[in-house]
Amino acid sequence: MINETVVDLSRLQFAATALYHFLFVPLTLGLSWLLVIMEAAYVMSGKEVYKDMTRFWGKLYGINFALGVTTGITMEFQFGTNWAYYSHYVGDIFGAPLAIEGLMAFFLESTMVGLFFFGWNRLSKAGHLTVTTLMALGTNLSAVLILIANGWMQDPVGSAFNPVTMRMELTDFAALVFNPVAQSKFVHTVSAGYVTGSLFVLGISSWYLLKGQHVEFARRSFRIAAAFGLAGTASVIVLGDESGYSVGEAQRSKLAAIEAMWETEPAPAGFNLIAIPNEARQANDFELRIPYVLGLIATRSTSEVIPGIKEIREKNRQRIESGIQAVIALEGMRKNPQDEAARAAFKAHEKDLGYGLLVKKYVEDPRQATPEIIHKAAMDSVPRIAPLFWSFRVMVGLGIAMLALMVVAFWHSVKGTFQNKPWLLKWALYSIPLPWIAIEAGWFVAEYGRQPWTVFGVLPTHLSASSLSVESLWGSIAGFVGFYSLLLVAEMYLMFKYARLGPSVLHAKTA
Amino acid sequence: MFDYATLKLIWWLLVGVLLIGFAIMDGHDMGVGTLLPFLGKDDTDRRVMINSVAPHWDGNQVWFITAGGAVFAAWPLVYATAFSGLYWALLLVLFALFFRPVGFEYRSKLPNPAWRKGWDWGLFAGSAVPALVFGVAFGNLFQGVPFDLDDSMRSSYSGSFWALLNPFALLCGVVSLSLLTLQGATFLSHRVEGPLQRRTILAARVCGVVLLVSFSLAGMWVARMEGYVLESIPDVRGVLTPLMKEVGRAPGGWFANFNNFPQLWIIPVLAYAGVGVVLACIGSGWTLLSFVASSVACVSVILTAGVALFPFVLPSSTHPDVSLTAWDATSSQLTLTVMLWVALIFTPVVLAYTSWAYRVMAGKITRDYIAANDKQLY
């Protein structure tokens with residue numbers, strides 16, 4: 001049997017390293033396009049202030065970028081170190097977008113970032129703008145490929161199980177690349193990055209305006225950030241991830257858990273604004289419900305029914321029973337590849353193979369799965385409700401709050417009155433942390449919501465981990481968290497220091 | 001386009017290309033990082049060294065990242081088994097690498113000498129430790145790694161981290177460390193001038209000699225070592241798993257490929273020739289030629305090891321039959337085909353803009369240049 005503690009610690013380590021990595025990536029995604037906009041303004045207008053803007057925000061970009069690279073190195077290798085069985089089982093598919101990301105996106109981004117910083121006096125104006133644009137393009141391409149990989153974990157299209165090699169194999173590359181789940185995730189995630197970059201520039205510019213420093217510089221930065229931020233916030237909400245949940249069956253259990261919707265309701269379902277979910281009773285102790293809204297958001301129709309948690313669990317129980325037959329047949333085929341009866345049984349139950357593997361959390365031999373064990377596995381097949389319900393509402397609530405700020409900031413930016421509105425400037429300044437909280441909550445919803453699977457319906461999380469010792473895992477978790485935290489302190493120190501110094505740092509002789 | 005066996009062979013070569021690209025490109029900035037505390041006598045010297053690679057190190061590191069991704073995509077079982085088995089060795093490399101992005105970016109952002117000195121040692125660790133561990137890893141491949149695979153392809157590793165640090169593996173570590181440091185020293189000799197350049201040339205000579213000696217010793221050791229030999233394997237054009245073959249061990253087995261195809265001896269000979277050219281030319285101003293010759297040495301040393309091991313990629317010392325090879329640890333034919341197209345299209349593009357970036361940033365980095373661009377440079 002696989003050690004449960006090892007699985008839990010592996011999850012903890014992955015979550016910690018991914019959440020750390022995701023503190024830096026969104027700012028890079030958004031700020032890179034803001035740099036392109038600012039530099040384009042410089043190339044077109046010839047005004048030095050736009051060059052100063054590109055270079056100063058570029059300096060802060062670099063301080064953030066360094067930790068994005070540092071924490072990103074881990075991600076490329078951590079599937080192998082800590083999720084070895086996952087890597088074997090789905091590497092044929094999942095490895096491809098990762099390798100393509102390196103070749104297509106990382107090289108571009110990382111080569112151009114060097115020229116962005118050091119090429120100012122060696123490239124023409126248009127040449128340098130091209131470099132900045134390619135850098136932004138590389139960053140965003142990298143997000144496309146990572147979300148293709150992640151989208152496949154949420155909805156594994158274009159692949160099939162091969163009983164000879166005991167793994168999933170690619171059958172349709174185009175289906176993998178054009179997976180609708182991946183596309184909606186990409187738009188949602190990069191838009192969230194654009195909001196992060198915008199709010200970062202908006203908030204720091206507001207601080208300069210409140211202090212009466214670098215006024216011309218801050219005014220122009222504010223305006224660009226307000227416009228880009230409004231577009232980004234609108235996109236992140238309108239093209240929210242939730243539209244993707246209805247695409248495949250894959251996302252139904254996540255949707256039901258996010259909404260704490262225990263029973264299947266007649267369409268269109270109501271939306272629980274607040275609820276206190278009770279796992280034991282499979283019901284909510286309290287709920288504040290807005291009729292029809294969920295059905296409209298999730299299915300974009302008034303007639304499509306969204307299944308409730310209880311119905312999903314009951315269906316999954318049947319799939320687990322069928323899947324157990326597939327697991328047994330597969331073992332028979334491994335012992336004797338000529339066993340025709342096993343072959344036929346496997347064929348009949350193949351689509352439920354992943355569900356059959358769910359019982360391996362409780363018994364090594366699926367033949368010994370009692371009805372109680374099958375019931376437990378079926379209960380596991382929907383993640384715990386309360387953490388998802390609340391983190392989703394934190395994300396959405398903050399999204400709406402940021403939309404309000406961006407609308408007001410953009411309005412006053414168009415009217416040209418924002419620098420006389422200290423309440424607005426303070427509002428923007430103190431809102432700087434919001435996108436980060438929303439994004440980390442969003443990551444949690446996406447990944448915790450996929451449990452108990454690493455690859456939905458295909459490979460359970462508890463089978464995916466490497467066979468490591470508990471001591472090794474505690475050691476590496478302490479190493480990662482300790483090291484990252486020290487680097488984060490250095491990063492924050494430099495970020496605050498350079499933000500305080502402001503654009504004057506570009507021209508000063510000594511800092 | 002290609003049959004499965006050819007694809008498997010091409011992917012063995014492509015992973016080799018990525019490792020060689022890593023050694024040539026990231027190798028030279030790691031070499032500079034390794035030399036940083038020893039050749040840089042004052043802060044300006046060290047900034048000269050750092051800024052010779054500052055615009056490029058990040059792009060160069062992608063060779064390492066992409067090699068990781070390519071192994072994942074082309075050899076999923078190798079990626080899974082090697083990285084989970086050699087858990088602490090890989091984490092040691094990662095933790096060392098963490099110092100690089102922040103070391104480069106943050107070091108000169110504050111004038112405090114203790115801050116800068118601290119990051120200099122961080123850059124040293126981030127360069128020297130991976131350079132050493134890569135050789136140690138190769139050294140362990142020659143001896144086999146203690147792992148087993150069950151019939152569901154789940155791997156289990158039964159060795160310890162400390163066992164990896166055996167004498168032969170450490171000797172291989174010296175080979176890789178001196179190889180990459182030579183690469184850094186020849187690069188640096190081309191990009192700096194004055195007393196720093198003279199120290200750099202001396203460093204290149206020392207590294208060249210250490211490389212020749214350690215490479216020769218490692219070769220003699222391997223000749224006496226029990227190598228792994230494929231005794232039977234089903235048709236390599238088919239769909240295989242590592243559980244279908246028989247593997248034996250034989251003294252001198254790692255020389256089998258060289259003995260069967262004597263023309264392959266040209267590869268290790270080129271390693272000696274490359275280092276020889278460096279030793280002969282670097283003192284007389286042929287710095288670019290020396291860098292090219294050192295790069296030839298990188299190609300040859302890595303290929304020598306790869307050819308000796310072929311078709312083995314990860315031999316198992318405890319269960320030789322489940323050793324992972326280029327024939328039976330690969331991805332499906334479709335994945336290998338798709339990824340080959342991706343590599344054929346994008347590798348030339350990457351090489352094109354990388355060489356353009358080097359052309360844009362070409363020229364000597366001088367102490368005056370550092371002083372004149374104090375705030376813009378690392």
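Leaving aside neighbours within four places in sequence, A:Trp57 is in contact with A:Leu31, A:Leu35, A:Met38, A:Phe200, A:Val201, A:Ile204, A:Ser205, A:Phe217 and A:Ser221, where contact means heavy atoms within 4.5 Å. This is a predicted model, in which local features need pLDDT of at least 70 and side-chain atom pairs count only at pLDDT 80 or more, while totals for chains, interfaces and linings use all residues. Residues are numbered from 1 along each chain as its sequence is written, chains are lettered from A in the order in which they are written, and side-chain values use heavy atoms, with hydrogens and water left out.

A:Trp57 is also among the residues with the most contacts inside the largest nonpolar core, together with A:Tyr89, A:Phe200, A:Leu202 and B:Tyr106; this core has 261 residues. A nonpolar core is a set of buried Ala, Val, Leu, Ile, Met, Phe, Trp, Tyr and Cys residues joined through side-chain atoms within 4.5 Å, and buried means under 20% relative accessible area (1.4 Å probe, protein chains only). Helix α3 (residues 84-118) of chain A gives the largest share of this core, 19 residues; helices are DSSP runs of H or I with at least four residues, and strands are runs of E with at least two, numbered from the N terminus.

Turning to the interface, 76 residues of chain B are in contact with 88 residues of chain A. The area buried between the two chains is about 7,000 Å², of which carbon and sulfur atoms give 71%; buried area is the accessible area (1.4 Å probe) that two parts lose on being put together, summed over both. B:Phe98, B:Arg154 and B:Lys375 supply 11% of the area that chain B buries against chain A, more than any other three residues. Across this interface the rule finds one salt bridge, a side-chain nitrogen of Lys or Arg within 4 Å of a carboxyl oxygen of Asp or Glu. B:Asp151 forms a salt bridge with A:Arg334, their closest N and O atoms being 3.2 Å apart.

Some backbone details remain. Most residues other than glycine have a negative phi, and most peptide bonds are trans. The peptide bond from A:Gln451 to A:Pro452 is cis, with omega near 10°, and A:Pro452 lies in the loop between α17 (434-448) and β5 (453-455) of chain A. Phi of A:Met166 is positive, near 60°; A:Met166 counts as buried, at 5% relative accessibility.

Methods:
Buried means under 20% relative accessible area, exposed over 50%, partly exposed in between (1.4 Å probe, protein chains only).
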